[in-house]
Amino acid sequence: MEFHHHGYVSEDPRTLPVAGTGIDRPERLPDEVDVLIVGSGPAGMIAAAQLSMYPNVTTRIIERRPHRLILGQADGIQARSVETFQAFGFADEITGEAYQITEMAFWKPAADGSDAIERTTRTIDDPEGISEFPHLIVNQARVLDYYANYMAKSPTRMKPDYGYEFLDLDIKDTGADADPDYPVHVTVRCVCDDNCGDTNGTERIIRAKYVIGCDGARSQVRKSIGRTLKGDASNHAWGVMDVVATTDFPDIRLKCAIQSRSGGNILLIPREGGHLFRMYVDLGIVEEHNKGTIRDTSIEEIIAKAQAIMKPYTLDVKNVAWHSVYEVGHRLTDKFDNCHTDTDVPRVFITGDACHTHSAKAGQGMNVSMQDGWNIGWKLGQALSGYGGDELLRTYCDERQVVAQDLINFDKEWSTLMATPPEEFEDPSFLEDFYVKTAEFPAGFMTCYQPSLITADDRNQHLAAGYPIGKRFRSYPVTRTCDATVHELGHLHQADGRWRIYVFADGATPADSTKTADWAQWWMSDANSPQVRYTPADGDTNALFDTKVIYQGDHTQVEHPDVPNAFKPVVGPFGLTDYNQSFVARSTHRQLGERDFFDARNIDRQGAIVVVRPDQYVAGVFSLDDTQGIAEFLNPIFASN
């Protein structure tokens, strides 16, 4: 990471200098805010963490609980989420305390026809190597803690306002009582005795420019804007329990899909810490008249069911940390914002379970919710900073609703397969084959945003075939020229709200990269260049666009005086030169051999520009000589209404 450019730093460099709304930040929830986030779950916390990096945006996040989450229900962290954690600076730390899934074992009825189960196969969790990051299991509460720590060290020093309950909202953007400055009037109630700054039971009106509802499947924010969850339930019930136990089952520390001959199925998920594990226990079909009573299934009954499924192995549960009973439901709202007509201004947004619900089998609830929150977080931050407006904010609903529908379609298929008796499969290995074949989806890498204001068409896709437009930017090692150190290029993408401009040079060195030099000159000096047009006069030259170059040669061939100034930004109050933005494609990473970035990601040797959004998704691919094309793409995104 980079620091000292604002002066010598001797303490934790992750604690950024306080700025903007962080200076003299009021402890009590203020009466006016730019963004009010309702709910401190995964979607709310990542949205708040992203917005905490915009010093001039006043953001507050309220939570009904009087304190941090202690025991979360979600625990599966897909590789795409770990990539996200890297952008927020805590991937290494959380990986160190988490359980890492490397294999999945499949157990089925014994071939001898008995009631016993036996292992039939073990599959690699990521057989295609689609990410350098692992699949983790860690309690949701710890994920939220890391986001809270990130916020606390941000320039705004943000932290949740615990002890406030959302009651209702009213959008006053038209009519005689219109409030043009803060059109969303939110009624909240203090439900805390001592730590929120208000008296218990006090109701207040908070005036906001925008509201993000992250308040779960029973969302009051969703109801307040007239949205409803619509869909169906599978009428299949599952008991879930986090337990510690003694057992002779050999794969107790592996993720397992267990199918018995007559006793149902179990999805076994080992938990962090080496002892705890989670079991999703099949409770069978729920009759329509029995929907209420199935939820009263006792923990003793769930344990007994698990013991029956696992025969001949024993399961002696010593302690139950948490348990619940649920039915699989797949529901979706028709829109993820308040806009009921094309002329409505997007003011209120809903995320996560507030707008889409599904089973826990695919492990996607927390993961998809975080991508919802990050998506709307950076868009609001950019718009409130004066770059972009309503059309940018409309892309949230357009993008995330498609993702939610794809998730529901996948989850229906996977949860149905998990509940299917093994004898009903024509191919005995169908379940494990499906798991391997569809690995990219549950890992979080099938999202592909369609052409829009912020996603270009594919006319130039051939220039960087390894970076499909609309999909997440996949990292690869490079060597930094200034210090000969190897870095994963994608890992340098911080969640700071900036767009990434990756310039893949047309030559081995600055001297023989003439197209790159011409582009760099245009980027730094032409009036139609987005960098020139939108970078604040008093800001760093990389304030909005983090621009990096990747040459095709060896790092010993690149001298920094020869690198164009577009890749040497001037930063900080002392006007220092940042030499850390120039790389070469030939990595000294010993495991990669002679393969370089251009080969690995199929980049055209004549060069290319890959534009990446603040949330790590590829926005467009352009040729080095198409300056007009990149300007025509970026300028509407940053132009205010």
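The model is predicted: local features require pLDDT of at least 70 and side-chain atom pairs pLDDT 80 or more, while totals for chains, interfaces and linings use all residues. Residues are numbered from 1 along each chain as its sequence is written, and side-chain values use heavy atoms, with hydrogens and water left out.

**First stop: α1 and α4**

Select residues 42–51 (helix α1) and 140–152 (helix α4), whose axes lie 9 Å apart at an angle of about 15 degrees. Axes are lines fitted to C-alpha atoms, for helices over the stretch in contact, with angles from 0 to 180 degrees between N-to-C directions; helices are DSSP runs of H or I with at least four residues, strands are runs of E with at least two, and both are numbered from the N terminus. The two helices are therefore roughly parallel (angles under 35 degrees; over 145 counts as roughly antiparallel). On α1, display Pro 42, Met 45, Ile 46, Ala 48 and Ala 49; their partners on α4 include Leu 144, Tyr 147 and Met 151 (contact means heavy atoms within 4.5 Å). By class, this contact has 10 nonpolar, one polar and no charged residues (Ala, Val, Leu, Ile, Met, Phe, Trp, Tyr, Cys and Pro are nonpolar; Asp, Glu, Lys and Arg are charged; the others, Gly among them, are polar).

**Second stop: α8 and α9**

Next, select residues 365–384 (α8) and 390–418 (α9), which cross at roughly 170 degrees with axes within 9 Å. They are therefore roughly antiparallel. Their contact has 10 nonpolar, four polar and four charged residues.

The whole structure holds 31 aromatic pairs (ring centres of Phe, Tyr or the six-membered ring of Trp within 6.5 Å; planes under 30 degrees apart are stacked, over 60 edge-to-face, the rest tilted). Select Phe 504 and Phe 598, an edge-to-face pair at 5.7 Å centre to centre, with 90 degrees between the planes. Phe 504 belongs to strand β21 and Phe 598 to helix α13, 94 residues apart. Both are buried (under 20% relative accessible area; exposed is over 50%, partly exposed in between; 1.4 Å probe, protein chains only).

**Last stop: backbone features**

Lys 311 to Pro 312 is a cis peptide bond, with omega near 10 degrees; Pro 312 sits in the loop between α7 and β16. Asn 602 has a positive phi of about 55 degrees and is partly exposed at 48% relative accessibility. Finally, Gln 616 has phi near 80 degrees and is buried at 6%.

Notes: Angles under 35 degrees count as roughly parallel, over 145 as roughly antiparallel, 65 to 115 as roughly perpendicular and the rest as oblique.
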